[in-house]
Amino acid sequence: MKKVSYKALGLVNTKKMFAKAVKGGYAIPAFNFNTMEQMQAIVQAAVETKSPVIMQVSKGARKYANPTILRYMAQGAVEYAKELGCKKPEIVLHLDHGDSFETCKSCIDSGFSSVMIDGSALPFKDNIKLTKKVVAYAHKYGVTVEAELGVLAGVEDEVAAEESHYTKPEEVIEFATKTGCDSLAISIGTSHGAYKFKPEQCTRDPKTGKLVPPPLAFDVLKAIEKKLPGFPIVLHGSSSVPQDEVDTINKYGGKLPDAVGIPEEQLRKAAKSAVCKINIDSDSRLAMTAAIRKHLAENPGHFDPRQYLTPARDNMKKMYIHKIVKVLGSNGKLG
Ligand code: G3H
Ligand code: 13P
Ligand code: ZN
């Protein structure tokens, strides 16, 4: 693929938007995308709410959609935002969970304006070494770098949300100073996917029978903020797993028992602190799947993808707007 700068694509890096978000007590939405409908819904929501937005792609998304197509989709997103009436869109194309220097370099060379190098599974010193190498390359091109310290829990890997996996506040100064990273993803009890907690980690609402998850470790977040005042902090695994979407999926043939996410009031609280980027992927998947299942169940004769992808796109857009306005508070923050 020909080398291209993100600036030529009309994208921006995260530097200014994070500084503004930390100061303003809100968070920038970071929505994952794999498909055109997700991209359209993200752009429509960001334009309508006048919000900056991070469109992020995982390694899996690059494999699914093709890196070249994703790059042009991001460029298309900028042009589409302008067409929808936004004079100066603030759109970041971000690599989510970059696993190697080579993946980060390939993204930087193909027009990404921000990359994450996820060395969180490595020993502390190796994480520093790898992150530093990515930062040195990225900063040459004005690309911002997110790093990670601490391990996110997840039922997928049988890791329980134990305190031992939380980011250690005593490590963050050395890590940020030695690596030169622009933002830091931390572990305070969030996790990826639609099953963030095992039932035994939760209590049950006696009225609804639904699981009530344990609270995030705000004491750890506070301690990190104290060590790195004003430094941009990132929360992964921050889908709320809306129960109405889960119920719709289950009503129309799906099977997602005991799916549970992070309550929105906790994310609202985090967004008011140094947390300035909140990652949401699963909620988009749920919104899309719920709308498609409902549509197909109610319209068994439909087989044109546009018939069921239109309500899916609309449902995702509704969810993105809700997050921006009611949870993260990034609406009206362009410019
Ligand atoms: O953090 C993971 C994101 O939700 C991306 O998921 O690797 O299935 O694309 P994925
Ligand atoms: P969710 O699975 O909670 O949406 O988290 C997404 C994420 O952290 C992407 O990096
Ligand atoms: Zn993540």
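Modeller: Before we start, residues are numbered from 1 along each chain as its sequence is written, and chains are lettered from A and ligands numbered from 1 in the order in which they are written. Because the model is predicted, local features need pLDDT of at least 70 and side-chain atom pairs count only at pLDDT 80 or more, while totals for chains, interfaces and linings use all residues; side-chain values use heavy atoms, with hydrogens and water left out.

Biologist: Thanks! How many salt bridges are there?

Modeller: A salt bridge here is a side-chain nitrogen of Lys or Arg within 4 Å of a carboxyl oxygen of Asp or Glu. By this rule the count is 16.

Biologist: Which part of the chain holds aspartate 109, the partner of lysine 3?

Modeller: Lysine 3 and aspartate 109 form a salt bridge, with their closest N and O atoms 3.9 Å apart. Helices (H or I, at least four residues) and strands (E, at least two) are DSSP runs, numbered from the N terminus. Lysine 3 is in the segment before α1 (15-24), and 106 residues separate it from aspartate 109, which sits in helix α5 (residues 101-109).

Biologist: Is aspartate 109 buried or exposed?

Modeller: Buried means under 20% relative accessible area, exposed over 50%, and partly exposed in between (1.4 Å probe, protein chains only). Lysine 3, at 48%, is partly exposed. Aspartate 109 has a relative accessible area of 14%, so the label is buried.

Biologist: And what about arginine 306, buried or exposed?

Modeller: Arginine 306 meets aspartate 304 in a salt bridge of 3.0 Å, N to O. Aspartate 304 is partly exposed at 25%. With a relative accessible area of 64%, arginine 306 is exposed.

Biologist: Which residues are linked in a network of salt bridges?

Modeller: Some salt bridges involve a pair, such as aspartate 281 with arginine 285 at 2.9 Å, N to O. The network links Glu264, Arg268, Asp283 and Lys323.

Biologist: Now the metal: which are the protein donors of the zinc ion (ligand 3)?

Modeller: Donors are N, O and S atoms within 2.8 Å of the metal (3.2 Å for Na, K and Ca), and sites may look incomplete because water is not among the atoms. Along the chain, the spacing is H-x94-H-x43-H. Lying 2.0 to 2.1 Å from the zinc ion, the protein donors are His97 (NE2), His192 (NE2) and His236 (ND1).

Biologist: How many residues apart in sequence are the parts tied together by histidine 97 and histidine 236?

Modeller: Histidine 97 is partly exposed at 23%, whereas histidine 236 is buried at 0%. Histidine 97 lies in strand β3 (residues 91-98) and histidine 236 in the loop between β9 (233-235) and α9 (243-251), so the parts they tie together are apart in sequence by 139 residues.
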